[in-house]
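Have the sequence and the structure open, and we will start with the rings.

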Amino acid sequence: MKVTLKDIANRAEVSISTVSRVLSDTPVSIHEETRTRIIQAAKELGYHKNNNSLENKNNPGKKIGLVLNKVENKYRDPYFSEIIYGIERESIEQGYILEFIHDMQELIQSNLLSEINKNDLGVICVGPFKEEFLGKITQQVPIVLSAGGTPELDIDHVTVDFFSAAKKATNYLIELGHTDIAYIGGSSLLGPPLNQEERFLGFKTALQSNNIPINPEWIQDGGFDLTTGYEAMKKILNSNRIPTALFSASDRMAHGAYKAIQEYGLSIPENISIVSFDDIEMSEFITPPLTTIRVYKEEMGRIAVKLLIQRMEGSISLPLTSYLPAKLIVRNSCKKIY
């Protein structure tokens, strides 16, 4: 039976990351007593470095790099931070070294890639990126995977079907009787414009399929940000008519919309129903709890690492796109109207 880093960590009563550092001889300050305990636990369990993923006998010393749309997303955006957490945990458990975390602009402008043996490197790009940015990375690194974006290049992708999930969310509002439905989406320098983003296209298709017109005043760019989502909702509320429902392309923008709606003296869902996308942790605890599309973010990060490792080890040859399920979580932010 194969001995894993987790087995050793449990025996030595330390974290998996500490075991990884000790057994890979990563230069880091670890108490000698702890180091000895880990090595002893590995011996007792019959761990052999050349037979385990920590030092793969076919591909020794391979490393994983992480490129983010924005580095601050690791700390400020719960959606991306959960994906990154999954990547970090799975990398450690698989015994691979996470070599660097940079944003795209930083990586392109630096000489970092020129200083690394690219034959031993696989890169995971987290978030939406324009094709030209992904193309630049693929020119410099032979193995690149995209997590959480939409497939554009012939590279491996782990993502969700944003279009179908947004269509499902919008149809839920329509089934409740809503026809006056607003939309807050997002665009960025590295992602597609709002009117080409998959969630907007799913929203638009749902309305068109039900012969519901789109009111341009109710389509606003919230930049996938809390504050900008708040400002976008204020623009909608200042339009000629107030919609009865809103689909927000992210929970953070929906949280901003909550504040704007409440400041206008309106109530959720009595005056405006809201359905959103992401299901970050806080969405269950705001008032009223938010109905939203659940994306399995940590699992996305973990599957990204597993797929990247398979690619690095040569066990897959053609580009693969893995779509994770997305589930509508119904809470109390939507109301049926007659």
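There are 7 aromatic pairs, counting rings of Phe, Tyr and Trp (its six-membered ring) whose centres lie within 6.5 Å. One of them, Tyr183 with Phe200, is edge-to-face, at 5.3 Å centre to centre and 65 degrees between the planes; planes over 60 degrees apart count as edge-to-face, under 30 as stacked and the rest as tilted.

This is a predicted model, in which local features need pLDDT of at least 70, side-chain atom pairs count only at pLDDT 80 or more, and totals for chains, interfaces and linings use all residues. Residues are numbered from 1 along each chain as its sequence is written, and side-chain values use heavy atoms, with hydrogens and water left out.

**Rings**
- The pair links distant parts of the chain, 17 residues apart: Tyr183 sits in strand 6 (residues 181-185) and Phe200 in helix 9 (residues 198-209).
- Helices (H or I, at least four residues) and strands (E, at least two) are DSSP runs, numbered from the N terminus.
- Tyr183 and Phe200 are both buried (under 20% relative accessible area, with exposed over 50% and partly exposed in between; 1.4 Å probe, protein chains only).
- Ring pairs join Tyr183, Phe200, Phe203 and Phe247 into a cluster.

**Strand 10**
- Strand 10 (residues 291-295) is mostly covered, with 4 of its 5 residues buried.
- Strand 9 (residues 273-278) runs parallel to strand 10, joined by 4 bridges (strands pair if DSSP finds at least two bridges between them).
- Asp278 has Arg294 in strand 10 as its bridge partner.
- Strand 12 (residues 326-329) pairs with strand 10 in the antiparallel sense, over 4 bridges, and Ile293 has Leu328 in strand 12 as its bridge partner.
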